[in-house]
Amino acid sequence: MITQELLDSLSSSDKQALMEGLKELIDQSYKVEKEFVELKGLFEGVLELLPNALWVLDEEGGLVYQNSESLKIKNLLEFILERQSGGEMELEGNHYLVQINQKMGKKIISATDITDEKRKERLISMGQVAAHLAHEIRNPIGSVTLLSSTLLKRVDTATKPIVLEIKKATWRVERIIKATLLFSRGLQLSKASFALERLKEEIELSMSYYPYSKNIDFSFEIPPEVMMEADFDLIGIVLQNFVFNAIDAIEEVEEGEEGRIELLYREEEEFGIFEIYDDGKPIENKNILFEPFKTTKIKGNGLGLALSLRIIEAHEGSVRLIEGEKKGFEIRIRK
């Protein structure tokens with residue numbers, strides 16, 4: 001410490017040198033403080049860019065710092081502290097990978113959302129099981145189909161409706177098997193030019209195999225002369241799926257014995273566009289519309305819309321839910 005006695009003993013030049021030194025020291029301390037603040041801001045900015053949630057706790061467990069990602073996840077920190085350990089954990093349907101470290105008397109906790117990765121793992125497992133079952137079922141169903149076709153030619157008129165119901169049932173099983181194998185194997189497009197009239201005929205034929213009890217008015221406004229270049233079989237599956245979903249929605253309405261389904265086609269410069277509307281039961285959960293193996297329908301296995309979306313995206317198109325006066329979907333296929 002500089003005393004008054006020491007200052008009095010210094011010459012004017014020494015005092016000036018001392019003051020300049022003190023001034024430089026103060027300037028340096030301000031500079032260091034400014035650099036520290038800037039570095040702290042930069043460090044926090046980096047932490048904000050991290051995709052995982054981050055918390056820093058002091059020795060008493062008080063919260064020293066948390067990034068914005070952690071604010072999006074309610075109750076997770078409390079859940080982690082209750083467990084007092086890291087690793088994988090599930091909270092409110094989401095999965096997290098939690099890591100806990102001790103540094104300089106502080107506890108650093110990070111949580112990475114791995115819900116999508118777990119979902120993909122689950123879908124791969126479910127797809128493998130479904131594909132295996134589909135292969136196992138395919139051969140006996142093929143035999144039943146062949147035998148029912150042979151039987152239909154030999155039975156009397158009174159028995160034919162029963163055999164026809166068998167054929168319809170096996171057709172539905174074959175359709176599920178085909179969708180399952182397409183979803184699990186992946187798609188291989190075989191594009192060719194065809195008239196839209198063929199699609200309309202294909203849909204009408206498939207409807208003769210699909211069961212429904214209500215009186216449904218079908219309006220298919222598809223111009224027969226228009227040509228499309230796409231995979232005919234796969235686009236046919238897509239439109240069948242949406243028509244069948246519309247039928248199921250009408251069937252699930254408790255009141256009323258009638259319904260209406262509209263299938264329209266129009267064109268824009270780059271896209272051919274199908275629109276399908278129905279006056280059936282409203283969609284309950286929009287978040288799982290295209291989620292494989294998830295469905296709120298009484299009938300269905302949850303693969304129809306997921307497979308349809310995959311097929312349309314393979315054709316460089318898109319599927320959009322239409323909400324408003326009419327309920328339906330817009331299907332865009334790139335020309």
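Entry 1, ground rules. I am working with a predicted model, where local features need pLDDT of at least 70, side-chain atom pairs count only at pLDDT 80 or more, and totals for chains, interfaces and linings use all residues. Residues are numbered from 1 along each chain as its sequence is written, and side-chain values use heavy atoms, with hydrogens and water left out.

Entry 2, the sheet. I took helices (H or I, at least four residues) and strands (E, at least two) as DSSP runs, numbered from the N terminus. Two strands count as paired if DSSP finds at least two bridges between them. What is the order of the open sheet of 5 strands? I read E2-E1-E5-E4-E3, with antiparallel pairing. E2 (63–66) and E3 (87–91) stand at the edges with a single partner strand each, so one side of each has no neighbour in the sheet. The twist averages 25 degrees from one strand to the next.

I found 8 bridges between E4 (residues 94–103) and E5 (residues 106–113), which run antiparallel. Lys103 stands opposite Lys106 in E5. E3 and E4 are also antiparallel, joined by 5 bridges. There, Glu88 has Leu97 of E4 as its bridge partner. The hairpin of E3 and E4 has 2 residues between the strands, and Glu92 takes a positive phi near 55 degrees in it.

H4 (residues 76–83) lies across E1 (53–57), E2, E3, E4 and E5, and runs at about 130 degrees to E3. Axes are lines fitted to C-alpha atoms, for helices over the stretch in contact; angles run from 0 to 180 degrees between N-to-C directions. Which residues of H4 are buried? I noted Leu76, Leu77 and Ile80. They cover an arc of only 100 degrees around the axis, which puts them on the same side of H4. The arc is that of the directions from the helix axis to the C-beta atoms. E1, E2, E3, E4 and E5 are included in what covers these buried residues. Gln84 follows H4, with a positive phi near 55 degrees.

Buried or exposed? Glu262 is buried, at a relative accessible area of 14%. The cut-offs are under 20% for buried and over 50% for exposed, with partly exposed in between (1.4 Å probe, protein chains only). Its side chain makes a polar contact with that of Lys326 (3.1 Å). Such a contact is a pair of N or O atoms within 3.5 Å; within protein, one must be able to donate a hydrogen and the other to accept it, and residues adjacent in sequence count only if both atoms are side-chain atoms. Leaving aside neighbours within four places in sequence, I list Ser219, Glu275, Ile276, Tyr277 and Lys326 in contact with Glu262, contact being heavy atoms within 4.5 Å.
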